[in-house]
Amino acid sequence: MTSTSGHYPIERRSGEIERLRMQGAAMAFDAGLMLDRIGVQPGWRCLDLGCGPGGIIDLLSARVGATGRVMGLDADPAMLAAARQWAEAQGLANVELVRGDAYRTDLPGDAFHLVHIRFLASTAGQVDDLLREALRLTKPGGVLALQEPDIETLNCYPPHPAWQRLKNLLSEVFGAVGGDVQLAQRLYSLLRRRGLADVQYRPFLVGVTSGDAMADFLPQTIESLRGTLLSKALVAEAELDAALAACRRHLADPDTVSTTYLVAQAWGRKPV
Ligand SMILES: C[S@@+](CC[C@H](N)C(=O)[O-])C[C@H]1O[C@@H](n2cnc3c(N)ncnc32)[C@H](O)[C@@H]1O
């Protein structure tokens, strides 16, 4: 990735694109509910900032239709290439994917009926700068929508010390780079304080069993943060490997279930 704003600590190791796709699929139902509550209309121009390998572009594309337009923006050319391939394979003709820095896009202002951001403010930080740019891009009367996590609910049942260790590391690593994996807790008030009108709040979480695609999500996320964890000396590599193995053994037990981080969806209108 070229030099960009924020301090995004997740590496694009092999498997990272699949990890994000899996997360997107698990959360597609709730993302769709949010878009329906917002009332996304045919003909709208929508922007997904930090779209990764697809984000919610397919859900937006279906709602804005042939007369609308969806732009996905990401700083990482490999993510964009994956998103482009994925959009083409689904025949999403109203989608455009562009490389850029979500914090300073150089796109014209007041241009989009909806600007959406998922899991970028919490992971890369500098939330105020990101919101300022997102609001600049939103049309007066248009909608700014965010989806961000609170890892408080990232739990497995029965509990296990290895899971708890990985969960603590997740919190520590994002804290060390200026991220906030509990951003969900203040998302609603952040949007209200920015002066948005009619701010709405819809939290959800997903349940996971051992056979689900998402069963290995916490270990996979930690794998994608390995470089940052080690460079910040938050854990020794041998201890990390042992915790990953123990956690995976526990998650493979057919009786183990887990819950994802809570995701807060918050959205509101830019005043006219
Ligand atoms: C956690 S992923 C989320 C992807 C997508 N929004 C989703 O929910 O599936 C964060 C994405 O933000 C991108 N990113 C990080 N810093 C960025 C920046 N300054 N500008 C644009 N994209 C950025 C990363 O490349 C990654 O694709």
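Residues are counted from 1 along each chain as its sequence is written. Because the model is predicted, local features need pLDDT of at least 70 and side-chain atom pairs count only at pLDDT 80 or more, while totals for chains, interfaces and linings use all residues.

**Exercise 1.** Find out how the radius of gyration of the protein chain fits the globule rule.

*Solution.* Start with the rule: 2.2 Å times the number of residues to the power 0.38, with the radius taken over C-alpha atoms. For 272 residues, a compact globule would have a radius near 19 Å. The protein chain has 18 Å, so the two agree.

**Exercise 2.** Work out which strands stand at the edges of the open sheet.

*Solution.* First, get the order: 3 strands line up as 6-9-8, with antiparallel pairing. (Strands are DSSP runs of E, at least two residues, numbered from the N terminus; two strands pair if DSSP finds at least two bridges between them.) Next, look for single partners: strand 6 (155-157) and strand 8 (207-209) have just one each, so one side of each is left without a neighbour in the sheet. Now zoom in: strand 6 and strand 9 (residues 257-259) are joined by 3 bridges, and N155 has T259 as its bridge partner.

**Exercise 3.** Describe the shell around the ligand by class.

*Solution.* Begin with the count: 22 residues surround the ligand, each with its C-beta atom, placed from the backbone, within 6 Å. The closest are T4, G50, G52, A75 and A102. Then sort them: 10 are nonpolar, 8 polar and 4 charged, with Asp, Glu, Lys and Arg as charged and Gly among the polar ones.

Methods:
Helices (H or I, at least four residues) and strands (E, at least two) are DSSP runs, numbered from the N terminus.
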